[in-house]
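User: I'm new to this structure. Could you walk me through how to read it?

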Amino acid sequence: MAFFGSTDGQINDPFKPQLQHSFMKGLRFDTEVEYLDEQGQWRLLCPDVNDVPAYVAAQIRASLLERVHMLLNSNQPAVPETMQQWQLWLEDAAQYYQAQALNSPLPALAAPLLKGLSSDGVIVVQLALPKDGKRWMLVTGVECEHSASDLPKLRSLLVLDPQEPAVWACGHNARVTFLIQSQIDSAALQHKLCIYRSLDGGYLACRVRRIVVIQARL
């Protein structure tokens, strides 16, 4: 998992909260976004997959990350909705994986997301966007506030949105930022108001409907 801390040119105060980007294991983006496949080879994550039907994405011999990414890019209406549907898709694609929904309140969400990113699993999020309706995106990283005296606090999801172009030398093309008042709200994350921001400066109010972590069966 890659870490990117924010600095202002000054010596970091260990007691001052720092924003840090943490990306999924096996991902690099010094040029185009690439991932480390099961054979130990680096492969492009964002090829042109518009003509690849979803059933092919579920059947080809590829990593779980590539299968999920192709599914999100090729046919959004075919993306599973419920945990049962996700599990049925996984049984066709890779029987040794399982899907789990994250239902924790925002203050407790950083830890399972960081754990999921550091594993060999994949995280996806479904947003409810104005006009566009529901849309699934691949979570490639998170932005968290870290301090010496407290647990990490989730600020944003860093995502690859299939409807936005890939960005050169960047591991995400959009972010989903949580409002500050949500940090002290103990209610479940689902349906909380968030801000979707593309990297070209556009932004929309949205709501998180589901966050799904797909990991190997124990």
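**Reading the model**

Analyst: Of the 218 residues in the protein chain, 44% are buried (under 20% relative accessible area with a 1.4 Å probe and protein chains only; exposed is over 50%, partly exposed in between). This is a predicted model, where local features need pLDDT of at least 70, side-chain atom pairs count only at pLDDT 80 or more, and totals for chains, interfaces and linings use all residues. Residues are numbered from 1 along each chain as its sequence is written, and side-chain values use heavy atoms, leaving out hydrogens and water.

User: How many helices and strands does the protein chain have?

Analyst: You'll find 4 helices and 12 strands; these are DSSP runs numbered from the N terminus (helices H or I, at least four residues; strands E, at least two).

User: What does contact range tell me here?

Analyst: Count a contact when heavy atoms are within 4.5 Å. Among contacts in the protein chain between residues at least 6 apart in sequence, 53% join residues at least 24 apart.

User: Where is alanine 169, and is alanine 169 buried or partly exposed?

Analyst: Look in the loop between β9 (150-160) and β10 (174-178). Alanine 169 has 36% relative accessibility, so alanine 169 counts as partly exposed.

User: And what about phi?

Analyst: As a general idea, most residues other than glycine have a negative phi. Alanine 169, though, has a positive phi, near 60°.
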